[in-house]
Amino acid sequence: MKVVTIGSGYVGLITGACFADLGNDVTLIDIDDKKISMINNGETPIHENGLKELMKKINITATTSYNPIADADVVFIAVGTPSNDDGSIDLKYIRSAAEAIGKHIEKYTVITVKSTVIPGTTDEVSEIIEKVSGKKLGQDFGLCMNPEFLREGNAISDFMNPDRVVIGQHDDRSGEVLKELYKSFECPVMFTDIRTAEMIKYVSNVFLAAKVSLSNEVANICELIGSDVRDVMKGVGLDRRISPYFLNAGAGFGGSCFPKDVMAIISLAEKMGYEPGMMKHIVRTNDVQPFRMIKLLKKRMRDLEGRDISVMGLAFKPGTDDIREAPALKVINSLLEHGANVAVYDPEAMENVRQIYGDKIIFAENIEKAIEGKDATLFLTEWKEFKEMDISLFKTMRRPLVVDGRRIFDPELIKKEVEYEAIGYGR
Ligand code: NAD
């Protein structure tokens, strides 16, 4: 099939690359010409496991021109849907993509929204296309909403082996085209109406965010009662009704999806006159969780002024260079406000963080340089590199004080080497 993706970020690029790998003729469109020329040069504009290798294997075209829409069987809209200041989603990229489709669509094409959008948005996309093109939905073009559930860091394998594919369809003809595109997928494929598909994506993220926030709250209580949240949640997760996933307590969730998506659905509910109290609490718990790191640090070190402190791990999770809403940024800001000197290290996200802080913080070349001579080291991302590091390195610190925000280390082992505090560890 001829597939076009509008937007070549995390979702658009992975969608395009994976469908190309499955034998489709894929063109990626983006307004960012730097991204486009990187892709055409065989480089990857994002860090994602296995993506470099996949790009070498497939044949894919990338362009800033919308002309390939005219010839496409399916056009995916995978542009960003960032938050407005009030938490609602900003639909300007979606609308401009819809206008571009309206101007370029020629034959029957199934327009498919893959971006995460609040219920009602996909209908608006089709209205824009009808207005700009003069074509009629159902007759001249098809419409689907096909939410994406991939996780950054595991994006390719998540895309190729999802738990389910959800296809919100305007009509059977539209859905049949996507069914054909996904025919080699072995997971359940659920067909539904468009608003239900839009809602399924939000509720999935709200649910996962709720599991994390609840685990974080349990962690804070475990510290007070002298127990370990890891053991508590292990016992809880063995219950099949709950499942063991997303029960890892830590310094809070970040990334481009959970914070934005929970806020967007809260904002939608409020606009419709409903008070989503439980969802609001998920956000409140998460907003303050990164500051537990400072609280734990201050348990051992009252005054942070003039102290040399390293922050290890900047990406919101391992396997990505994405720092959107990363808890590490809140921790760095708080340390700077306390007058501490901050050094940072991350295997992938240094350049993104440099763009925010410039020379306000020190960017260490490696783990050794980051921790040497420091008064405390805080861990904010559970990179494999940290899990495998030689803990005797902490001896090079001025004061070997470690605050573990991701439960990277075995408390029993590390406590022999350093002063150790960790989220949810009350023993
Ligand atoms: P991103 O910011 O990485 O990529 C979006 C791309 O769209 C950018 O490259 C931008 O230049 C491009 N763009 C914007 N307007 C355009 C236009 N009119 N024409 C062509 N290109 C345009 O965003 P992302 O992380 O890929 O997210 C895309 C959507 O998918 C969002 O709605 C997000 O919520 C959702 N989503 C993201 C993830 C994830 O893990 N990142 C997972 C599931 C769903």
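Leaving aside neighbours within four places in sequence, Leu297 is in contact (heavy atoms within 4.5 Å) with Leu304, Ile309, Leu335, Ala376, Leu378, Leu401 and Val403. The model is a predicted one, in which local features need pLDDT of at least 70 and side-chain atom pairs count only at pLDDT 80 or more, while totals for chains, interfaces and linings use all residues. Residues are numbered from 1 along each chain as its sequence is written, and side-chain values use heavy atoms, with hydrogens and water left out.

Leu297 also belongs, with Leu335, Leu378 and Phe394, to the residues with the most contacts inside the largest nonpolar core, which has 61 residues. Such a core is a set of buried Ala, Val, Leu, Ile, Met, Phe, Trp, Tyr and Cys residues joined through side-chain atoms within 4.5 Å, buried being under 20% relative accessible area with a 1.4 Å probe, protein chains only. Helix H13 (residues 327-337) gives the largest share of this core, 5 residues; helices here are DSSP runs (H or I) of at least four residues, numbered from the N terminus. Apart from this core lies another, of 45 residues, including Ala98, Ile118, Ala197 and Phe258.

Now for the helix ends. At the start of helix H2 (residues 33-40), the backbone nitrogen of Lys34 has a side-chain oxygen of Asp32 within 3.1 Å. Gly42, which follows H2, has a positive phi, near 80 degrees.

Key. Buried < 20%, exposed > 50% of the residue type's maximum accessible area, 1.4 Å probe, protein only. Helix = DSSP H or I, 4+ residues; strand = E, 2+ residues; numbered from the N terminus. Polar contact = N/O pair within 3.5 Å; in protein donor to acceptor, adjacent residues only side chain to side chain.
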